[in-house]
Protein chains: 2
Amino acid sequence: MSHTPRPHQAMGAGAEFDTIRGLMARWGDLAVDIGDDAAVLPDSPGVRVISTDACVEEVHFRRAWISAREVGTRAAAAALSDLAAMGARPESVLIAFMVPEAWRDALGDVADGMGEVIRAAGARIVGGNLTRGSVFSVTTTVLGVANRAVGRHGAQVGDVVVVTGLLGGPGAALEAWNRGESPTAWARGRFAAPVPRWAEGAALAAAGATAMIDVSDGVLADAGHVAAASGVQLRLDPARLPLGPGIEAANAMQSGEEYELLATVPANRYDRLAAGWRATFAVPLTVIGTVVACPPTGATRPAEGAQGFDHFAPPSPPR
Amino acid sequence: MSHTPRPHQAMGAGAEFDTIRGLMARWGDLAVDIGDDAAVLPDSPGVRVISTDACVEEVHFRRAWISAREVGTRAAAAALSDLAAMGARPESVLIAFMVPEAWRDALGDVADGMGEVIRAAGARIVGGNLTRGSVFSVTTTVLGVANRAVGRHGAQVGDVVVVTGLLGGPGAALEAWNRGESPTAWARGRFAAPVPRWAEGAALAAAGATAMIDVSDGVLADAGHVAAASGVQLRLDPARLPLGPGIEAANAMQSGEEYELLATVPANRYDRLAAGWRATFAVPLTVIGTVVACPPTGATRPAEGAQGFDHFAPPSPPR
């Protein structure tokens, strides 16, 4: 069935609805059809995917580190990155805010930051929730549509392991802040305003990627998730990691809060992918390893399967 | 495209994933295909609707009032009720937990309570998020499918206003707890284990309801939301409110955290609806008012439109 967005509905009186009206005014045509108990989704061809992601003060960021607007860009980008990791195009977003008194005046700036990223993604805000609470958090639910959804479980022995972008920025920023220092502008920007790789994810999906994940837990941990889900080992070569300025390989391997994509791609499809990539994207695509078979023991239980990931294996010969 | 649920994917090692594995074990076949960055949704005919709802300790409940399991039943029921209010059948659920240390041991019981309600709804858990935080909260995103989605904006002059069930329980329970007393078993049950009215909502939608809402803000406020969205007045008769045992009309009118449905129905369709209702549902359906035109002034701005709701109008003649 088709769905024609209507203007927002008039809402009743009250401080909560005044706040929601204020958010609607900021978001303008980015938010559609807000006001019912539930939002009606557009009907789109393709595979629909959905994810939800929370961003919590003192857990995912500290207020002294980044501005309220950056809290918003970061939260929206982190949530939307999960769609990129499936090869999906963002379509609809729901935003659930928990707002302590001390954050009331900053909420508009957070909303602006989220709006900026959601607009760049080509998505719309279709619903949400607003509650008070003793800590600031925003839980963002994102829906997307894929021609071909790529999960974590399909990595095949012989595939190459690729990663987008330059690694290590968010980890370096966090380390600097935790030492009481200021991070470099590059590292800070990578933490405060990550750029989800939707177009890159869709290109990897179209190129036949067998598994894909964003490296929000760090390359090391997320390669481990792919390995565990696929029942294989990912043998990574630290010497080949694409490092950001001033970053060391060991740190890049563990830097989380990072929204680059790691994918496994059939070896015979890589050259064509790489040629098209350079013609299309500014962000680099780097081969960082290969998929190998699990050793014959220790790969039956999930926790042990995770050990299939080859932490710091001897560097493999350059490809 | 069709979608065949796969078994859960093996996840990597770590305390967070151990917790998620524990939840998966509790939920069994209620949770499907957990483990990718985003979940692939089944492809269903009909109108897809989505909503998100947060339940926060010290805002929506206190731990001294209800058990951890009841925190779960209440949170899931509150979220799923938004689908009932659209006339939609629940299909998929995502659950984002924020878990302080003090709640770690209770998380399984919360999950059991949520699972009970989600199973009764015929839905599946397809994803979620887990984070630590200084306060317990669960943000539940629900997707449903409707033959005909009913919003808040379609109430027409001349419609009758109906409400399901008996009102006032949650408000009475909260009042008792706030006085340091124990609520009655009925009132307590209405707060701790509300029963969303999916089948009833679908029947109201099929009967041609022009607007529908759940009365989670209380009949008074939620009738105001319908009035504001529809640009009409809802004239309610306090004498006709279906009261729970020991409840007074003024309290029933304002009792929130209540998951009955309020709907407006064309007057000429009501008799047939009522006859079918009694043959189908145990929960009563009661006419509590009528939809009338807005006065000629004061109905153009949302905040003023809300005043279109006729708070305690003189009782209308019995229907």
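This is a predicted model: local features need pLDDT of at least 70, side-chain atom pairs count only at pLDDT 80 or more; totals for chains, interfaces and linings use all residues.

**Entry 1: the sheet of chain B**

I started with strand E8 (residues 233–236) of chain B, which pairs with E10(B) in the antiparallel sense over four bridges.

Next I asked what else E10(B) pairs with. Strand E6 (residues 160–164) of chain B is joined to strand E10 (residues 285–292) of chain B by five bridges, and the two run antiparallel. Here I noted Thr164(B), whose bridge partner in E10(B) is Leu285(B).

In what order do the strands of this sheet come? I wrote down E7-E9-E6-E10-E8 for chain B, five strands in an open sheet with antiparallel pairing. Strand E7 (211–214) and E8 of chain B are the edge strands, each pairing on one side only. On average, neighbouring strands here are turned by 30 degrees against each other, direction ignored.

At the E7 end, I counted on E7(B) and strand E9 (residues 261–265) of chain B, which run antiparallel and are joined by four bridges. Asp214(B) stands opposite Leu261(B) in E9(B).

Which helices pack on this sheet? One is helix H6 (residues 198–206) of chain B, which touches E6, E7 and E9 of chain B and makes about 10 degrees with the direction of E9(B). Another is helix H9 (residues 267–280) of chain B, touching E6, E9 and E10 of chain B, with its direction at about 135 degrees to that of E9(B).

**Entry 2: over to chain A**

I then turned to the sheet in chain A. Its five strands form an open sheet in the order E7-E9-E6-E10-E8, with antiparallel pairing. Strand E7 (211–214) and strand E8 (233–236) of chain A are at the edges with a single partner strand each, so one side of each has no neighbour in the sheet. From one strand to the next, the twist averages 30 degrees.

Inside this sheet I checked strand E6 (residues 160–164) of chain A, which pairs with strand E10 (residues 285–292) of chain A over five bridges in the antiparallel sense. Val160(A) has Thr290(A) as its bridge partner in E10(A). Helix H6 (residues 198–206) of chain A lies across E6, E7 and strand E9 (261–265) of chain A, running at about 10 degrees to E9(A).

**Entry 3: a helix and a loop in chain A**

Is helix H7(A) buried or exposed? I found twelve of its twelve residues buried, so H7(A) is largely enclosed by the rest of the structure. Among them are Asp222(A), His225(A) and Ser230(A). Helix H7 (residues 219–230) of chain A reaches 16 Å from its first C-alpha to its last, close to the 16 Å expected at 1.5 Å a residue. Just after H7(A), I noticed that Gly231(A) takes a positive phi of about 70 degrees.

For contrast, I looked at a loop residue. Ala239(A) lies in the loop between E8 and helix H8 (249–254) of chain A. It is exposed, with 10 other C-beta atoms within 10 Å; the cut-off for exposed is 12 or fewer. Ala239(A) and Ala249(A) are ten residues apart in sequence, and their C-alpha atoms are 7.0 Å apart in space.

**Entry 4: how the two chains meet**

Last, I looked at the pair as a whole. Chain A superposes on chain B by a rotation of 180 degrees with 0.0 Å of shift along its axis (RMSD 0.0 Å). The two copies are thus related as by a two-fold rotation axis.

How many residues of chain A are in contact with chain B? I have 60 residues of chain A in contact with 61 residues of chain B. Strand E2 (residues 47–56) of chain A gives the most to chain A's side, with nine residues. By class, that side has 30 nonpolar, 20 polar and ten charged residues. Of the interface residues of chain A, 100% are also interface residues in chain B, so the copies meet through the same surface.

Methods: Residues are numbered from 1 along each chain as its sequence is written. Chains are lettered from A and ligands numbered from 1 in the order in which they are written. Copies are superposed by least squares on the C-alpha atoms of residues with pLDDT of at least 70 in both. Two residues are in contact if their C-beta atoms, placed from the backbone, lie within 7 Å. Ala, Val, Leu, Ile, Met, Phe, Trp, Tyr, Cys and Pro count as nonpolar, Asp, Glu, Lys and Arg as charged, and the others, Gly among them, as polar. The expected span of a helix is 1.5 Å times one less than its number of residues. A residue is buried if 20 or more other C-beta atoms lie within 10 Å of its own, exposed if 12 or fewer, and partly exposed in between; C-beta atoms are placed from the backbone. Two strands pair if DSSP finds at least two bridges between them. Axes are lines fitted to C-alpha atoms, for helices over the stretch in contact, and angles run from 0 to 180 degrees between N-to-C directions.
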